[in-house]
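Trainee: I am new to this structure. Please take one part of it, look at it closely, and then connect it to a few other places along the chain.

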Amino acid sequence: MARLITQEDLKHDLQALGLAPGMTVLVHCAFKSLGKWVCGDAVALVLALQEVLGPTGTLVMPTHTAQISEPANWQNPPVPEAWWPRIREAMPPYLPAVTPTLHMGLLAETFRTQCDVLRSDHPQVSFAARGPQAAFLTQNHALQDSMGPDSPLGRLYALGAQVLMIGVDYDVCTSFHLAEHGLVSPRPVKQEGAPLLIDGVRQWVPYRDLEYDSDAFAALGQAFERAHPEAVRQGPVAGAQARLFSQVLVVDFAKGWLNGQS
């Protein structure tokens, strides 16, 4: 029989999992995994998360926009090379308050439009945040090393943040990208580009960034749980299976594991 899921139900499940007032937490979520009948849809989960964290907590989500990128790198699907100059010329600029997320899920897209939410200004791998640490996390998001030590991910690490995954697996654990900056054999660098507003004028801005690789993340997450079973709080959030764990612990583990694979 179908179950009606309310904001209060979500709040109860999040608290039982270990989410608590004052935490800074990075959330990844497949909203459909919660069940069909969520009263209030994604807004209910956003409000439940904010209520549990309270006024001293900070809620963070990835709001990436892979479509605002160098067309020469597009693979799903690729576009003809003859189109590349026209795409670079015509693509609308990245606007943090306007540009929608891509493949980030309903929760992240809902969250980025909420009042008092700040969004970083990286055209491809932005993060949105609400709470006392939001400005610190989202300001001055550099084009290069976009998920490195001075990115929102690196600042989450500095704050000792938690990672909450609802209905998703480690293959979407963005924090692992931070570990790619600590490898003995660094990842290669690729040419990127994006349309930005600079002093009110749209410009195509080329830049170089690490060639991030998430292919091993599912295996990496499984290895992390085998090594630190006590560190991962697991339980239901409505109909979804959820995990809550330390970002510092998972990133530090990932550095060692990825170095061992290279």
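**His-64 and its surroundings**

Mentor: Apart from neighbours within four places in sequence, His-64 is in contact with Thr-101, Leu-102, Met-104, Gln-124, Val-125, Ser-126, Phe-127, Met-147 and Thr-174, contact being heavy atoms within 4.5 Å. The model is predicted, so local features need pLDDT of at least 70 and side-chain atom pairs count only at pLDDT 80 or more, while totals for chains, interfaces and linings use all residues. Residues are numbered from 1 along each chain as its sequence is written, and side-chain values use heavy atoms, with hydrogens and water left out.

His-64 belongs to the loop between β4 (58-62) and α3 (84-90); helices (H or I, at least four residues) and strands (E, at least two) are DSSP runs numbered from the N terminus. With a relative accessible area of 11%, His-64 is buried. Buried means under 20% relative accessible area, exposed over 50%, and partly exposed in between, using a 1.4 Å probe and protein chains only.

Pro-77 is also placed in the loop between β4 and α3, and a cis peptide bond, with omega about 0°, joins Asn-76 to Pro-77.

Turning to the loop between α3 and α4 (106-112), one finds His-103 there. His-103 is exposed at 74% relative accessibility, and its phi is positive, about 60°, although it is not a glycine.

Asp-199, in the loop between β8 (189-198) and β9 (201-210), is likewise not a glycine and has a positive phi of about 55°. Its relative accessible area of 79% makes Asp-199 exposed.
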